[in-house]
Amino acid sequence: MKYLWSDKEAKKCKDELELRVYTSRLLGCDNSLVLHGGGNTSVKIDDTLYVKGSGWDLSSIEKEGFSPVSLNALLDMAKKEQLSDTKMVKLQKEAISDKRAPNPSVEAILHAIIPYKFVDHTHANSIVTISNSINGKKIINELYKDYLIVDYVMPGFILAKKIYELTSKGFKWEECKGIILHHHGIFTFGDSAKKSYSNMIKSVQTAEDYLKNFKLNIPEQKRTKEYNIKKLKELIDRAKGYETVFKINQSNLALFYSNQPNLKEFSSRGVLTPEHIIRTKRVPLVIEDDNFKGAIEKYIEDYKAYFKRYAKGQTMLNPAPNYIVLKGYGVISTSKTQKEANIINDIINATLEAVLKADKLGGYLSINEKESFEMEYWELEQNKLKSKRIN
Ligand SMILES: [Zn+2]
């Protein structure tokens, strides 16, 4: 892990919110910690929680990217027995002191519960890699003895409520170095921006050190098959209902991945962290021969069946794939715009590496299909998409 804190830079910050911006950017510019809008941070000043607003990216966040929310209002919400995420977002909005501010992060209540001035949250690749392995629970327990370790639940109110319940009675915060969320990420905290940031780097380094024993050492790969990509794109465009952009990845890693035996089962084991699902879907389209049409039809049929298995009144998203693994050729990310295709490509790249490493730890194991569906069709994620119309 790169430790990027600089006393000289920090001294330039005029107040605590500026320091909050400074270390948020340090976290945001490290792709192994967060990718494209992932993660969130906060600072408590008097009785206000300044928490990352939705739509902001940690790597480029400004002061205006932090939403000032009443701490007491958030703590009252944590005490509620039940709260839908839509209602939570509404109540959070009402508790903002500056109405021009963005919507607070869906993790705002969780930030409020943690009794430290600075709170940092990332989806560190190394931690989710270990967590997404068959022996993940055992390894995490061994590596993170002084941390609160929490089994996977949906982000939002359910997660905040769970942490509230685990920490409300007699919990010794002073002995807790951070919170590990299985299949999701990590929270660290401290009385200063430096402390919280340093705790994050130190904590993630622990997972990285562990993974050093499981290096991939991928031999030089070659493309072993060719496909009519123009034809494939035509068919994908038709399936999506609009003209797509293809981002082709033929890195050594992508080639190695696409050369794995039993490719369909191998590459259909789910997302690295739940927030990815909205961009990548749970599984890719796998192409192993020239029957593109048959493979696309089967993918869509399977997606519709998956939707039917779990849907309770939701509207189905576009059932066509968001990325494609082509046997012996590489991985293609596909979307309406080049920007979104690049984002999917970055997420998939991190996933390919994590899957291969987790297999070295005993086997990759993501959240299950039902949990994936709940995330993919989370009302708040659907709302986010409505504004962008990616799918
Ligand atoms: Zn998160």
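Glu340 is buried, at 7% relative accessibility; buried stands for under 20% relative accessible area, exposed for over 50%, and partly exposed for what lies in between (1.4 Å probe, protein chains only). The model is a predicted one, in which local features need pLDDT of at least 70 and side-chain atom pairs count only at pLDDT 80 or more, while totals for chains, interfaces and linings use all residues. Residues are numbered from 1 along each chain as its sequence is written, and side-chain values use heavy atoms, with hydrogens and water left out.

The side chain of Glu340 forms a salt bridge with that of Arg279, at 2.8 Å from N to O. A salt bridge here is a side-chain nitrogen of Lys or Arg within 4 Å of a carboxyl oxygen of Asp or Glu. Because Glu340 belongs to helix 15 (residues 338-360) and Arg279 to helix 13 (residues 277-280), the pair ties together parts that are 61 residues apart in sequence. Helices (H or I, at least four residues) and strands (E, at least two) are DSSP runs, numbered from the N terminus. Arg279 is also buried, at 16% relative accessibility.

## Other salt bridges

The count of salt bridges comes to 27. One of them joins Asp146 and Lys177, whose closest N and O atoms are 3.3 Å apart. Asp146 sits in the loop between helix 7 (136-143) and strand 5 (148-150), and Lys177 in the loop between helix 8 (157-167) and strand 6 (179-181), so this pair ties together parts that are 31 residues apart in sequence. Asp146 is partly exposed, with a relative accessible area of 39%, and Lys177 is partly exposed at 45%.

Within helix 15, Lys357 and Glu353 lie four residues apart, about one turn of the helix. They form a salt bridge with closest N and O atoms 3.1 Å apart. Lys357 is buried at 18% relative accessibility, whereas Glu353 is partly exposed at 33%. Elsewhere, salt bridges that share partners join Lys14, Asp15, Glu18 and Lys63 into one network.

## Zinc site

The zinc ion is coordinated by NE2 atoms of His121, His123 and His184, at 2.1 to 2.2 Å. Donors are N, O and S atoms within 2.8 Å of the metal (3.2 Å for Na, K and Ca); water is not among the atoms, so sites may look incomplete. The spacing of the donor residues in sequence is H-x1-H-x60-H. His121 and His123 are both buried.

## Positive phi

Most residues other than glycine have a negative phi. His183 has a positive phi, near 60°. This residue is in the loop between strand 6 and strand 7 (185-190) and is buried, with a relative accessible area of 14%.

Lys281, also not a glycine, has a positive phi of about 65°. Lys281 lies in the loop between helix 13 and strand 9 (285-287), where it is buried with a relative accessible area of 1%.

## Negative surface patch

Glu265, Glu288, Asp289 and Asp290 form a negative surface patch. Patches consist of residues with over 30% relative accessible area and no salt bridge, like charges being joined within 9 Å and nonpolar side chains (Val, Leu, Ile, Met, Phe, Trp, Tyr) within 5 Å. Asp and Glu count as negative and Lys and Arg as positive, while His and the chain ends are not counted. Glu288 is in the loop between strand 9 and helix 14 (292-310) and is partly exposed, with a relative accessible area of 37%.

Methods:
Accessible areas come from the Shrake-Rupley method with a 1.4 Å probe; for residues, only the protein chains shown count as cover. The place of a charge is taken as NZ of Lys, CZ of Arg, CG of Asp or CD of Glu.
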